[in-house]
Amino acid sequence: MASADSPDEIGAGLTLSSMVKEIQGLKDKFKREDLDSPSPFADLEKATVLQECRIFSDSRIVTEAPRKCSQLITKLLHIVTQGDSMSSSEVTDVFFGVTKLFQSSDALLRRMVYFFIK
C-alpha cells in the first residue's frame, strides 16, 4: 500500500517530470505559432517611423485622425523596446512632437501620450 504522501498520488498522478514535459510541449507549440504569424511591426524602419511622426505637428491630422497618431506612438514604442537607439536630436524631435498631441480632444490618444512619456 502506497503512502498518501508519495509523489505519484499528489496532484492526481502529476509528477514533476510530467509537468515539465507538459510545459515544454506548450512552449514548443507557442513558439511554432509565433513563427507562423509574424509581428505586424517586424518590418519597421526607424527612419520611416520618424518621418511619419512629422504629422504630429499638423493639427488638422491630429484632430481628424487621432487613431493614426496612436498607431505611430505604438510603432515608436516598439522601436524603443527593440533596443534601437536614437540620436539626441531624434529624441528631442519625437518628444516635442508627441507633447503637441496633448492638445487633442481624443481621450485615447492622450492616454497613449501619457503612456509614451512615462
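**Figure 1. The largest pocket of the predicted model has a volume of about 230 Å³.** The model is predicted, not experimental. Two elements, α2 and α5, each give two or more residues to the lining of this pocket. The largest share of the lining, five residues, comes from α5.

**Figure 2. The largest nonpolar core contains 19 residues.** Within this core, the residues that touch the most other members are F56, C69, I73, L76, V98, L101 and F116. At least two core residues are supplied by each of α2 (46-52), α4 (66-81), α5 and α6. The largest share, six residues, comes from α4.

**Figure 3. L76 is one of the core residues that touch the most other members.** Apart from neighbours within four places in sequence, L76 is in contact with V49, L50, C53, F56, M86, V94, V98 and F116. Among these partners, F56, V98 and F116 are also listed with L76 as core residues touching the most other members.

Figure 4. C69 is in no disulfide, and the count for the model comes to zero. Both cysteines are buried: C53 has a relative accessibility of 7%, and C69 has a relative accessible area of 0%.

**Figure 5. S104 sits in the loop between α5 (88-99) and α6 (107-117).** Its relative accessibility is 6%, and because buried means under 20%, S104 counts as buried. A polar atom of the S104 side chain lies 3.1 Å from the backbone nitrogen of D106. Leaving out neighbours within four places in sequence, S104 is in contact with V62, L109 and R110.

Terms used
Residues numbered from 1 in each chain as written. Predicted model: local features only at pLDDT ≥ 70, side-chain atom pairs only at ≥ 80, totals over all residues. Heavy atoms only, no water. Helix = DSSP H or I, 4+ residues; strand = E, 2+ residues; numbered from the N terminus. Buried < 20%, exposed > 50% of the residue type's maximum accessible area, 1.4 Å probe, protein only. Polar contact = N/O pair within 3.5 Å; in protein donor to acceptor, adjacent residues only side chain to side chain. Contact = heavy atoms within 4.5 Å. Core = buried A, V, L, I, M, F, W, Y, C linked by side-chain atoms within 4.5 Å. Disulfide = S-S within 2.5 Å. 1 Å grid on protein atoms, 1.4 Å probe; cavity = no way out; pocket = protein on both sides within 12 Å on 5 of 7 lines; lining within 4 Å. Points joined across faces, edges and corners; volume = space filled by probe spheres on them.
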